[in-house]
Amino acid sequence: MKRISSMIGWFKNQELARKLILINFILVMLPLSIMGYFAFSRFAATLEQKVGDYQQQTMKQLTLNLDTYMAELDRLTLMPYQYEPIIAFLESKRDQGQALTLEEIKQLNGFVSQVFLNGRIDIVGVSLFGESGASYVVLPESQYVTTYKLDENAKWLKNEQMRNGQSTFIGTHNIQSTGGTIFPVFSIARELRSFDTGKKLGYIVIDVAPSVIHQILSQVTLGNRDAIYITDQNGGVVAGKEHAQPIAAISSLLQDGELEGVTHAAVNGERQLVSFVTSSVTEWKTIGIVPVAELMKDSFLIRNSIMLLGIICVGLAMLMSVFLAFQITKPLRGLIKLMRKVEHGDLLVSFPVKQWDEVGHLGKAFNTMVSKLSELGYLLYETEIREKDAQIAALQSKINPHFLYNTLGSISMYAEVEGNQEVVKMTNNLSRLLRYSLNGQKERVSLKDELDHVRGYMTIQKMRYEERIDFQLESIEAALTCKVIPLIIQPIVENAINHGIDQGIGNGRISLSCRIDESLLRIVIEDDGIGMTEEKLSAIRRRLQYSKDLGGSSGNGLLNVHRRIVLHYGELYGLSLESMPYQGMKVILTLPAVHEELFKGREDIHA
């Protein structure tokens, strides 16, 4: 399931052209593959069935031809009934090796000659065995023999004794002439009985060379690698087509009582089509075996041709699909490129609408959107400039009490007349503070002026708190020439006094340090007051990050200073806070380190 989900996710993230190509490929290949597989499977099964039926009919015709030949041989075993002297010879009682009379020899030779004459040239031997010991055996390339005794334990003899005078066909076996030559033959044996009394007289056995069977089998062809052979009732091979190798596994497969049929067998890992027919005359099975691949080679050629044609068609279809997919998505790719330009601030782009389908409507909407963005961008730029000017003016107006400045001169003069130097010192420092605050025409001041303003402010605070506050100021020389916006340090120092030192017990310390780190001016105001909890600190940090207010009712404070810095320099600059309960607070102001010379250069450029 996880693998399927990952594949679906992969598909969703692909380009539209690739999705179209993949979908087309699946819609073409899947039905074509399924249809081709089932069509060829059905075709192959039907063809194999038809071939099996044809092979079965061939085996039946072959068996019929063999039965005709065997029936002719079988009729030869009835010839003794036509010769009274032969019947009399079989009935006679004789000792083993007893010599024949000339008349008997003449009659027996005449009978055997008639068998050879009425039979075929493939008959190689005739044997007569009387029930009372008479025997006359003619072997190939031999004179007659009368000393042979019938083997009572022969298997064919036991079968023949149960067939009530019907002939028995004996599978291929070897016989030896008097000269020692071995001849492979199959034989036909019949039990002979008296017509008058029904008494068993003896047996006649005709030995036949299997060459005629080989000739008949060789006239039948099932395939280039076919195998045709004949087996007896016990599965023994009687004869086979030239180069045909009997297969034991198939012979055992057919020992199930069926007279005929078509089946399959695996031989050496190769499927074989096997058809067999049982002879009604000899009870032998004629077996034909052909490899299925041999029979189906034409169908495989058809299959391969169809597959090649299908691959070519699918390839052409996929090429067309790729072409159409890229043509359809080409306007979308162009629209994406234009959108990326808009992302980088280029609003002077336009999508050429050439069609009024979904892509055309989307392109028209894009052009409208870009036009609106261009207008809104200009309006937003103008509004931000005006808003910044208004906010800066409002911030400065909040901390510029004009009415006090006019009266401070009078207070200082009266204190000087009365000889109160502390009042004189306090009013003079306050005058400088107000004069610095009222100088709102200056957008930037040097850090040195800002620090002098803080020193004057702390002089007044020390007089107020009677030396309870220890104020320390450190700054590197390079930082003093940096340009900053006015009135950003004093509110932080005032906040440290009011919320840190003033609410504590005993003396307090406030340290102010300025340094430059990698083109950034960092101003750190740190006190050892009561600090604040993590919850309160987090709340103030959220206000600094998200609030657009301008501070408290007095206009002073952390938020006031932070908003002014952000409005002047951007979101990358401003205040950061660090504090823990009863361990003081540290405020870090981060501004760009712009020196006086560089600032003047920028003013000249704008002028």
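I began with Tyr37, which counts as exposed because its relative accessibility is 55%, and exposed here means over 50%. A reminder to myself: this is a predicted model. I found Tyr37 in helix α2, which covers residues 16-76.

Together with Phe25, Ile26, Leu30, Ile34 and Phe38, Tyr37 forms a nonpolar patch on the surface.

Then I turned to the UniProt record. An unreviewed entry there places the feature "transmembrane region" at residues 21-40 and 306-329. I checked both spans in the model. Residues 21-40 are 100% helix and 0% strand, with 28 Å between the end C-alpha atoms. Residues 306-329 are likewise 100% helix and 0% strand, and their end C-alpha atoms lie 34 Å apart.

On to the cysteines. How many disulfides does the count come to? I got zero disulfides. Cys482 is in none, as the nearest cysteine sulfur, that of Cys514, is 9.1 Å away, while a disulfide needs the sulfur atoms within 2.5 Å. Is Cys482 buried or exposed? Cys482 is buried, since its relative accessible area is 0%. Cys313, by contrast, counts as partly exposed because its relative accessibility is 44%.

My last stop was Gln490, in helix α15 (residues 490-501). Gln490 is buried, because its relative accessible area is 11% and the cut-off for buried is under 20%. Which residues does Gln490 touch, leaving aside its neighbours within four places in sequence? I noted contacts with Glu450, His453, Val454 and Tyr457.

Technical notes. Residues numbered from 1 in each chain as written. Predicted model: local features only at pLDDT ≥ 70, side-chain atom pairs only at ≥ 80, totals over all residues. Heavy atoms only, no water. Patch = residues over 30% accessible without salt bridge, like charges linked within 9 Å, V, L, I, M, F, W, Y side chains within 5 Å. Areas by Shrake-Rupley, 256 points an atom, 1.4 Å probe, with all protein chains shown as cover. Salt bridge = Lys/Arg side-chain N within 4 Å of Asp/Glu carboxyl O. Helix = DSSP H or I, 4+ residues; strand = E, 2+ residues; numbered from the N terminus. Buried < 20%, exposed > 50% of the residue type's maximum accessible area, 1.4 Å probe, protein only. UniProt positions renumbered as here; feature names shortened; annotations may be inferred. Contact = heavy atoms within 4.5 Å.
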